[in-house]
Amino acid sequence: MGHSRAEKTKTHKRIIKIASRRFREKGLAGVGIADLMKEAGLTVGGFYKHFDSRDALVAEAVSSAFGGWKRRIDAAASCGQAVSYEKLIDEYLNEAHRDDPGTGCAFSALAGEIARGDKRTRALATEQIRNDIQLLAGLLPGKDKHAARSKAILTFSAVVGAMVLARAVSDEALSREILSTVGELLKKSAA
């Protein structure tokens with residue numbers, strides 16, 4: 001008996017959700033298709049009913065992890081609240097994000113691997129980086145759009161880099177210092 005289109009869509013989304021988390025936790029090369037499908041309660045043979053290739057899965061899984069800032073801003077707006085530049089920095093550069101890469105930013109978890117990825121994944125990443133830079137620039141004070149964009153590029157690069165380094169070091173105090181120092185300097189520079 002065949003599966004309904006709705007069931008297939010639900011299963012597809014479940015595979016993407018699992019892959020997105022596992023890729024951010026273990027890296028793109030650190031997760032096998034067999035393990036993902038087993039975790040989803042499916043066989044390896046079922047993989048090709050959902051994806052043409054591993055690269056197609058990677059592109060969808062990484063893309064599903066994008067847009068965290070936009071989702072936060074939209075959620076706050078739906079409750080009548082605003083999210084500030086400073087709040088986004090604080091929410092990004094914290095120990096909870098550092099300690100749970102599986103639910104965090106795909107760029108701080110996978111940027112190096114995305115850079116070596118296929119064209120589709122890199123194109124999706126490029127579009128998301130553009131969107132995040134635009135979002136950050138829109139939160140900065142002042143009317144000089146060029147200056148805001150420059151500061152947004154610096155901010156995006158700094159928070160992603162700080163998170164990568166904070167995760168890389170084995171010294172907890174240094175890790176916290178990296179997060180807090182970069183956060184404080186970025187917030188001062190925006191004032």
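Helices (H or I, at least four residues) and strands (E, at least two) are DSSP runs, numbered from the N terminus. The structure described here is a predicted model, in which local features need pLDDT of at least 70 and side-chain atom pairs count only at pLDDT 80 or more, while totals for chains, interfaces and linings use all residues. Residues are numbered from 1 along each chain as its sequence is written, and side-chain values use heavy atoms, with hydrogens and water left out.

The protein has 10 helices and zero strands, and from the N terminus on its elements run α-α-α-α-α-α-α-α-α-α. The C-alpha trace spans about 60 × 40 × 30 Å along its principal axes. Of the 191 residues in the protein, 39% are buried; buried means under 20% relative accessible area, exposed over 50%, and partly exposed in between, with a 1.4 Å probe and protein chains only. A contact means heavy atoms within 4.5 Å. Among the contacts with a separation of 6 or more, 66% are made by residues 24 or more positions apart.

In soluble globular proteins, nonpolar side chains tend to be buried together. A nonpolar core is here a set of buried Ala, Val, Leu, Ile, Met, Phe, Trp, Tyr and Cys residues joined through side-chain atoms within 4.5 Å. The largest such core has 50 residues, and those with the most contacts inside it are F23, L57, W69, Y92, L93 and F107. Helix α9 gives the largest share of this core, eight residues.

Aromatic rings were then considered. Rings of Phe, Tyr and Trp (its six-membered ring) pair if their centres lie within 6.5 Å; planes under 30 degrees apart count as stacked, over 60 as edge-to-face and the rest as tilted. By this rule there are six aromatic pairs. One of them, F107 with F156, is edge-to-face, at 5.6 Å centre to centre and 75° between the planes. This pair links distant parts of the chain, with F107 in helix α7 (residues 106-115) and F156 in helix α9 (residues 145-168), 49 residues apart. Both F107 and F156 are buried. Together with F66, W69 and Y92, these two residues form one aromatic cluster.

In helix α7, the buried residues are A106, F107, S108, L110 and I114. They pack against α1 (5-26), α3 (54-65), α5 (85-92), α6 (95-99), α8 and α9.

Angles under 35 degrees count as roughly parallel, over 145 as roughly antiparallel, 65 to 115 as roughly perpendicular and the rest as oblique. The axes of α5 and α9 come within 10 Å and cross at roughly 20°, so the two helices are roughly parallel to each other. Residues Y85, I89 and Y92 of α5 make this contact with T155, V159, V160 and M163 of α9. The axes of α8 and α9 are 8 Å apart and the helices pack at an angle of about 120°, which means that α8 is oblique to α9. On the α8 side the residues are I129, D132, I133, L136 and A137, and they meet A148, R149, A152, I153, T155 and F156 in α9.

Y92 touches W69, H97, C105, S108, V159, V160 and M163. H97 is found in helix α6 and is buried, with a relative accessible area of 10%. The contacts of H97 are E91, Y92, G104, C105, S108, M163 and R167.

L28 lies in the loop between α1 and α2 (33-39). With a relative accessible area of 10%, L28 is buried. It touches F23, R54, V58, V62, L110 and E113. The C-alpha atoms of L28 and V62 are separated by 9.5 Å, and the two residues are 34 residues apart along the chain.

T121 is placed in helix α8 (residues 119-139). T121 counts as buried because its relative accessibility is 2%. The residues touched by T121 are D55, V58, A59 and I114.

Notes. Axes fitted to C-alpha atoms, helices over the stretch in contact; angles between N-to-C directions. Lists of a residue's contacts leave out its neighbours within four places in sequence.
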